[in-house]
Structure formats: C-alpha cells, structure tokens
Amino acid sequence: MSESKVSVKPSRPWRPSPKERAINFALILGSVLASYLLVAVTELKGKLAYFAVFFVALAVLNLVRGVLTRDWMNGRDQFFSIVMLLGMTMVILPTASILYTVFDRGRKGLHAGLLTNDMSLATPSDPITSGGLLHAIIGTFLLVSVALVVSLPIGVLTALYLTEIKGRLTRPIRFLVQAMSGVPSIVAGLFILSAVVYTVTKSYSGLVGSLALTILMIPTIARTAEEVLNLIPNDLREAGVALGGTQWRTVAMVVVPAAKSGLITALILGVARIVGETAPILLLTGGGDAVNLNPTQGAMGSLPFYIWKSFLLGTEESITRGWAGLLVLLVLVLSLFLLARFLGSRRTK
Amino acid sequence: MTTLESQAGRIPSPREITTEPRFSDKVFRGVVTAGGLSSLVILGLIAIFLGYQGFEILAKEGISFITTSEWVVEVDSFGAITNTTFGLAAMLVGTILCAIIAVVIAVPISVSAAIFLSFYAPNSLKKVLVSVIDLMAAFPSILFGFWGLFVLMPSAEYWAKLINKYLGFIPIFEVEPRIFTRSPFIAGVVLAIMIIPIVTSISREVFSQTPLDRIQAAYALGATRWNVIRTVALPYARGGIVGGSMLGLGRAMGETVAVYTVLNIVYQINWNVLFGAGGNVASLILLKFGEAQPYEIKALMAAGLVLFMLTLLVNFLADQVITRSGTKGR
C-alpha cells in the first residue's frame with residue numbers, strides 16, 4: 001500500500017495573484033483606451049491630453065476597484081498610489097526627454113575630425129565636417145585640472161575639520177559650506193572679476209576661470225568627503241591612537257587611506273559639478289577658437305563656451321555643432337557619474 | 001647595599017599626563033582648522049569685494065537701487081556718461097517670480113516622487129530611479145537651458161495658452177498682447193525641472209529617517225499605506241521638505257544661463273506670469289556685462305552683491321528650518 005504523497009506547493013501570498021495581475025493590466029488598458037477615446041471625441045488635444053486623461057482614468061479606475069474590493073479607505077489608498085506614480089513619472093519624463101534630444105540631435109554633428117580639429121579656421125556657416133572641438137576639450141581639461149589642484153586640498157581639509165577635529169566651529173562651518181554651495185555661479189564669476197581680474201591680472205585667461213570654478217567645486221568636494229569620512233568606523237581611529245600614533249599620524253596613515261576610494265568619488269563628483277558650468281566661463285575666460293595650452297595667458301576655449309557660442313551664432317550648422325558639443329559634454333558628465341557610482345559601490349562591499 | 005632609592009636618576013620620573021597635543025598635532029590641527037575656515041574666508045571675500053566695487057553705486061542710489069525699476073545709462077556723442085539711473089526692482093521681481101513658480105511646480109512633483117521611492121517602489125526599481133535622479137542633478141544648466149528653448153518651449157507655450165483660456169480671469173494669468181513664448185512661466189518650468197532632483201533627494205532622505213516603529217505601529221492599527229504616509233511620514237518629514245524646498249528656491253534664484261536662454265529679458269516689472277517678458281538679476285548681469293562701461297560694471301557688481309545676499313538669506317532660513325525640525329522631539 002503506497003502512501004499518497006502530499007506535497008505542499010509553496011506560495012507567495014505577498015505577490016499579486018494572477019487574478020490581480022489581470023485586473024491591473026485591464027485597468028491600464030482601460031485607461032489607455034479612455035485617453036484615446038476622450039481625445040478623439042472631445043476638444044482635448046495633444047500629448048498633454050493623452051497623459052492627463054490616462055492618469056486620471058487610471059486613478060479613478062483604481063479608486064473604484066479599491067472601493068469594490070474592500071471599502072472607501074482602501075479605494076483612497078489605491079487612488080493615492082497612482083498620484084505618487086504620476087509624480088515619479090513627471091520626474092523621469094524630462095530626464096528621458098533631455099537624454100533623447102541630446103543624443104538624437106547631437107548625433108548629426110559628429111564627424112571624424114570632431115576631436116582632432118579646432119575652430120580657428122571654420123566660420124559659422126561652414127559645413128559641419130570642418131572644424132572641431134579640440135580647443136574646447138583641451139580648454140575644459142585645463143580649467144578643470146587647475147580648479148581641481150586648488151579645491152581638492154581645501155575641500156578635503158574642510159571635511160577633515162568637520163569629521164576629525166569637531167571643534168566649536170563645526171556647526172557654523174557646516175552651514176557655511178552649505179551656503180557656499182548655494183552661491184550663484186555668476187556671483188562667483190563677478191567675485192573673481194573684481195578681486196583678481198581688475199586688481200591683478202587685468203586680462204582674461206583660463207586661470208581666472210579656474211579660480212571661479214574652484215569656489216563652486218569646494219563645497220561639493222567638502223560635503224561628499226565629509227560623508228565618506230563619517231563612514232570610516234571610529235574603531236580605526238581609536239586603534240591608531242591606541243598604538244601610540246598622534247592624531248596627525250592616525251589621520252594621514254589610517255583614516256585617509258581607508259577613505260581613499262570615497263575621496264576619489266568626491267573628487268569626481270566635484271569635477272562633474274563644474275565641467276559644464278557656463279556663467280563664470282562666459283565672464284572670465286574670453287573663449288578662443290584656437291588651441292591654447294597656457295592657462296595663464298590668452299583667451300581659452302572650453303566646452304560650455306563653445307556650446308554657448310554655437311547656439312548664439314544661430315546658423316543651422318552652428319546649432320548642429322552646439323548639439324554635438326552638448327552631446328560630448330553630456331557623455332563626459334555621464335562617464336564621470338558612472339565612474340563615481342562604480343567606485344562608490346565598490347567601497348560599500 | 002644599594003637600594004633602588006639610592007640609584008638616583010635611574011628610575012624614570014613619572015610621565016606627566018596631559019591632554020596637550022604634541023607639536024605635530026598642533027600643526028595638523030592648525031592646518032586643518034585653517035582649511036575649514038576657508039569657506040568663511042571665501043564668503044567674506046565675496047561680500048567685501050563685491051561691496052567694494054559696488055559701493056559707489058549703492059551710495060549714490062541708496063535704497064532706490066532695489067525699489068525703483070529703471071536701468072538707464074545715457075551717453076553723449078563722445079561716449080562719456082551723462083546720466084545714469086540704476087534700479088533693480090524689475091529684475092528682483094522677476095527673480096522671485098520665476099523662483100516661486102519653479103518651487104510651486106517642483107515641490108508637489110518632488111514630494112510625491114520621494115513618497116513613491118520610499119513607500120511604493122520595489123527595491124530594484126528604486127535603485128535605478130535614485131541613480132537617474134542623481135544623474136539629473138549633475139546635468140549642467142546649459143543643457144537645461146537649450147533643451148528648454150528648443151524642446152520644451154512649444155509644449156509649454158501650449159500649456160500656457162490652456163491656463164490662460166481657463167484661468168485667464170485671474171489677474172496674474174492675463175496676457176495682453178498675446179505673446180506666450182519666452183515667459184516667466186516657461187522659465188519657471190525649466191527651473192522647476194532643474195531643482196526637482198535636489199528637492200526629491202532631500203525629501204527622500206527625510207522620509208527614510210521616519211522611525212520604523214511608528215510606521216509599523218500605524219500598520220498594526222489597521223492603517224492603509226496612504227494613512228501611514230499622511231499621519232506618520234508627512235508630519236515627520238514636514239520640516240525637511242520645507243527646508244529642501246527653500247534650498248531649491250535659492251538655487252532657482254541664482255540660475256543664470258538657463259534663464260537667459262529661455263526668458264525674454266525685458267526691463268519692466270511684469271506680474272503676468274504667462275506674458276513673454278521678464279528677467280532675473282543673474283541673467284541681467286550676463287546680458288549687460290558684454291557692452292558695459294566700467295561705471296555700469298560697478299552697478300552690476302552691486303546687483304551681484306544683492307543677489308548674493310538674497311541667496312545667502314534663503315540658504316540661512318533653509319538651514320534654520322532643517323535643524324529646528326531636526327532637534328525637536330516630534
């Protein structure tokens with residue numbers, strides 16, 4: 001006599017059942033239908049109408065479903081879940097649109113010589129294949145490097161003050177760093193103009209542009225570095241001091257090496273913050289069309305200036321050049337961002 | 001017999017225990033403190049230099065620099081300045097108007113997105129969406145500016161016409177003559193998109209700090225998810241949301257390039273948000289800088305000082321709101 005085997009099938013009660021999935025799908029389908037119907041029948045027109053009707057219909061249908069399955073309170077819950085989804089969609093849509101636009105329009109401006117030529121011999125209405133971005137990329141690289149050399153030590157020292165020394169000034173300094181990150185970029189430009197250009201150098205150059213970028217970069221580096229240093233366990237600091245190290249040795253040989261990859265992330269985020277900064281560049285660098293390797297002298301081109309100038313020239317070719325410049329800038333920001341993400345995720349493992 | 005006591009000098013005298021840092025530490029602490037004070041120094045220098053350059057104008061115009069709205073530089077045929085009037089009111093109104101429109105649009109969207117991320121999104125989706133929002137925060141403003149001008153403008157113009165059609169009886173939505181492009185409303189929409197990432201990530205951070213026991217207690221009492229959000233999470237996060245919104249407001253006030261690209265800068269006080277004329281202080285500086293004589297540049301420096309003080313004030317208030325809500329035992 002064989003015993004009949006009863007195997008209990010594992011179930012996942014927290015997952016929506018097939019029936020619920022079907023209802024969900026039907027509701028979405030119904031909302032799409034409703035949006036098409038209403039746009040066709042009534043005076044509502046345009047993308048906005050589809051979007052609005054779809055979400056209103058989805059919210060109302062979910063409300064009805066909620067009320068029918070349980071009660072009024074459940075219906076309201078369902079309704080607001082759709083409202084929150086709507087908010088999320090409205091955040092994602094512009095981002096998607098920006099990425100799509102830049103890749104779609106910038107694509108047309110790409111050509112073989114883009115990264116090896118400069119604009120010194122090209123006029124605005126020349127075909128797109130003449131000229132290129134070389135001067136702008138070199139200029140941006142120099143501007144960012146000089147800004148980095150100045151702001152990295154200051155930013156990290158500020159972060160070290162906030163995490164290691166914790167004196168009476170911690171609160172006010174944290175506020176000042178916050179306030180500094182809110183300084184409008186044009187004010188940073190004006191400041192360098194009044195403090196450096198009119199008093200010392202008397203001329204535009206890449207260096208003064210870098211100084212303005214420094215002001216914008218320090219708070220980003222300081223805040224990210226502070227977060228990173230806060231993550232270093234206190235045990236490490238105590239161990240360092242217990243071994244007889246002075247605070248200086250502990251910070252220099254234990255804390256900072258432990259936070260190294262995080263500090264690099266801070267650096268990258270700082271670079272991403274300033275690489276596309278336009279307003280101070282427009283005031284200070286002069287924006288040349290030829291390659292200039294000397295940041296202390298002469299007008300220096302850069303990606304934001306190139307984009308700005310191309311769009312303002314207004315011919316069809318130069319606008320295409322502008323989009324191509326934006327594409328290069330966006331790719332630069334994207335890769336910096338992904339690099340920071342990669343380093344950040346490696347740190348937490 | 002030698003005792004230990006007789007061997008004077010061979011026993012180390014007890015070390016003095018002190019909290020006095022050693023020399024190397026003194027240097028270290030000095031250097032780090034100096035670095036920490038750099039933000040104070042830089043902010044102070046900004047105020048001093050802009051004040052120094054703009055002092056002449058501020059002294060001449062006095063309070064009318066921020067209360068009147070006329071920006072006139074008259075030159076005679078030799079190029080010498082004969083008469084100047086500098087009043088910033090139109091641009092100040094424009095700055096505040098655009099920034100307020102941006103906050104009014106951005107805050108509801110950001111807060112609901114933050115609620116979605118904190119309470120609804122499954123973990124895998126959440127990670128992706130948070131990355132996208134962080135990425136959006138890293139977009140340069142020139143990108144928002146030209147995207148707003150070329151892509152958003154046609155749609156936003158249509159929305160403006162809709163608002164004017166159905167809400168036109170409210171004075172601020174009047175448009176006469178009917179010019180809808182390049183209005184403060186559209187600039188406000190672009191600024192809203194720019195500040196959404198900041199407001200969203202701050203709100204999300206505050207929501208994630210909501211005490212778990214209170215959330216679970218509410219669920220245990222039979223609350224739905226919406227009940228939990230409305231009665232536990234939102235009251236808890238209110239201070240952080242207000243503070244985050246004010247940080248966004250400060251950011252929107254100081255924006256230059258995006259506003260300059262999108263907005264039709266006209267020197268007049270314009271409260272009709274849908275009408276295609278406006279301006280803000282930052283874009284005025286960029287606009288006038290190119291052709292300004294040294295004397296007008298001083299006026300622009302003074303305008304920069306006013307803008308700097310304004311953003312500093314907004315940031316200070318935001319900081320106060322955030323810390324006050326942070327220390328209160330909710």
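This is a predicted model: local features need pLDDT of at least 70, side-chain atom pairs count only at pLDDT 80 or more; totals for chains, interfaces and linings use all residues.
Residues are numbered from 1 along each chain as its sequence is written, and chains are lettered from A in the order in which they are written. Local features need pLDDT of at least 70, side-chain atom pairs count only at pLDDT 80 or more, and totals for chains, interfaces and linings use all residues, while side-chain values use heavy atoms, with hydrogens and water left out.

Student: How many residues of chain B are in contact with chain A?

Tutor: Contact here means heavy atoms within 4.5 Å. By that rule, the residues of chain A that are touched number 80, and those of chain B in contact with them number 80.

Student: Which residue of chain A meets B:Asp134 in a salt bridge?

Tutor: A salt bridge requires a side-chain nitrogen of Lys or Arg within 4 Å of a carboxyl oxygen of Asp or Glu, and the count between chain B and chain A is two. At 2.7 Å from N to O, the side chain that B:Asp134 meets in this way is that of A:Arg341.

Student: Is A:Arg237 buried or exposed?

Tutor: A:Arg237 lies in helix 8 of chain A, residues 234–242, where helices are DSSP runs (H or I, at least four residues) numbered from the N terminus. Buried means under 20% relative accessible area, exposed over 50% and partly exposed in between, with a 1.4 Å probe and protein chains only. Because its relative accessibility is 15%, A:Arg237 counts as buried.

Key
Helices (H or I, at least four residues) and strands (E, at least two) are DSSP runs, numbered from the N terminus.
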